Amino acid sequence: MAPLSGKTIALTAERRADEFAALLERRGARTVHVPAIHVLPLLDDSDLREKTADFIERPPELTVISTGIGFRGWLDAAEGWGNREELLAALGSTRIIARGPKARGAIRGAGLREIWSPTTEASQEVADHLAAEGVAGVDVAVQLHGTITEWEPTIHLSEALGRLGADVRAIPVYRWIRPVDQQPLIDLLAEILNHDVDAVTFTSAPAVASMLSTAKDNGLLDEFLTALRGPVVAICVGPVTSAPLDALDVPTRMPERARLGSLAKYVVEQLGAGAQPAE
């Protein structure tokens, strides 16, 4: 018998969800896929295009890359505008800090190297490092990592560096929105509240925040949190993703490596036949 036979896993990711679902379904799971967020395209973003041109013309002393998806999206947008190589050259002339492993991987994948990266993806750790280094008067570009909501216990990095005296250029390389049609998320919440799914998987903090917001808007927040504290397991790709749930005292589980393949393997370990309950 397949290890996940009889188990139902909810997927909330927008990107690579088909690949993730296939990994779980090959192990016998039934999957329910409802994207909790939608990332807006960048190519027509006039503000980003203007800030990219300025970055190329006047490279900053220091660049903080916050997310892998955002960095790759920025390069893809620049390629569409015909100035990807110029942007890479400008980035190569700056000191780069990566906010965690995903950002570091994207930077190295583009042929660049960071000078420092925290072991976590915590913005506070980046701010603390730069505070110790001293950034007063330093020209710093910060690639933002989307909207910070009431559910995300994190700092706004560009504002934090500004308070340290840095001359900050905030670069909003992508924005996410909650789905316009909320009904699929409401239907998923009903399945969770009815314990019709065994686990809910999250690959980004915004996806967690979106589900919390939908639950709150529909008067279901307390019931949703109760379900996640009970029979429905919340499985997150990493500690940044789990942070909104951690702040609400919801137990979460996660693999050692914040990778999709590791997440799929971890789901099998946690929910598969013969799995031992987490302590």
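Leaving aside its neighbours within four places in sequence, L260 is in contact (heavy atoms within 4.5 Å) with R16, E19, F20 and T203. L260 belongs to helix 12, residues 260-271. With a relative accessible area of 13%, L260 is buried, a word used here for under 20% relative accessible area, against over 50% for exposed and partly exposed in between, with a 1.4 Å probe and protein chains only. V237 is 23 residues away from L260 along the chain, and the C-alpha atoms of the two are 7.3 Å apart.

A word on the background. This is a predicted model, in which local features need pLDDT of at least 70 and side-chain atom pairs count only at pLDDT 80 or more, while totals for chains, interfaces and linings use all residues. Residues are numbered from 1 along each chain as its sequence is written, and side-chain values use heavy atoms, with hydrogens and water left out.

**The whole chain**

The chain holds twelve helices and eleven strands; these are DSSP runs numbered from the N terminus, helices being H or I with at least four residues and strands E with at least two. Here are some values for the chain.

| Property | Value |
|---|---|
| Span of the C-alpha trace along its principal axes | about 60 × 35 × 35 Å |
| Residues that count as buried | 51% of 279 residues |
| Accessible surface (Shrake-Rupley, 1.4 Å probe) | about 12800 Å² |
| Share of that surface from carbon and sulfur atoms | 49% |

The radius of gyration, taken over C-alpha atoms, is compared with a globule rule of 2.2 Å times the number of residues to the power 0.38. For 279 residues a compact globule would have a value near 19 Å, and the 20 Å of the chain agrees with this. Among contacts with a separation of 6 or more, 68% join residues 24 or more positions apart.

Now to an open sheet: four strands form it in the order 5-4-6-7, with parallel pairing. Strands pair if DSSP finds at least two bridges between them. Strand 5 (95-98) and strand 7 (167-171) are at the edges with a single partner strand each, so one side of each has no neighbour in the sheet. On average, neighbouring strands of this sheet are turned by 20 degrees against each other, direction ignored.

Strand 4 (residues 62-65) pairs with strand 6 (residues 139-143) over three bridges in the parallel sense, and T63 has A141 of strand 6 as its bridge partner. Strand 4 also pairs with strand 5, in the parallel sense and over four bridges; there V64 stands opposite I97. From strand 4, L62 and V64 point one way and T63 and I65 the other, and all are buried.

**Two rings**

A pair of aromatic rings is described by the distance of the centres and the angle of the planes. Rings of Phe, Tyr and Trp (its six-membered ring) pair if their centres lie within 6.5 Å; planes under 30 degrees apart count as stacked, over 60 as edge-to-face and the rest as tilted. By this rule there is one aromatic pair. The ring centres of F55 and W74 are 5.4 Å apart and the planes stand at 85 degrees, so the pair is edge-to-face. F55 is in helix 2 (residues 46-57) and W74 in helix 3 (residues 68-81), so the pair ties together parts 19 residues apart in sequence. Both F55 and W74 are buried.

Methods: Axes fitted to C-alpha atoms, helices over the stretch in contact; angles between N-to-C directions.
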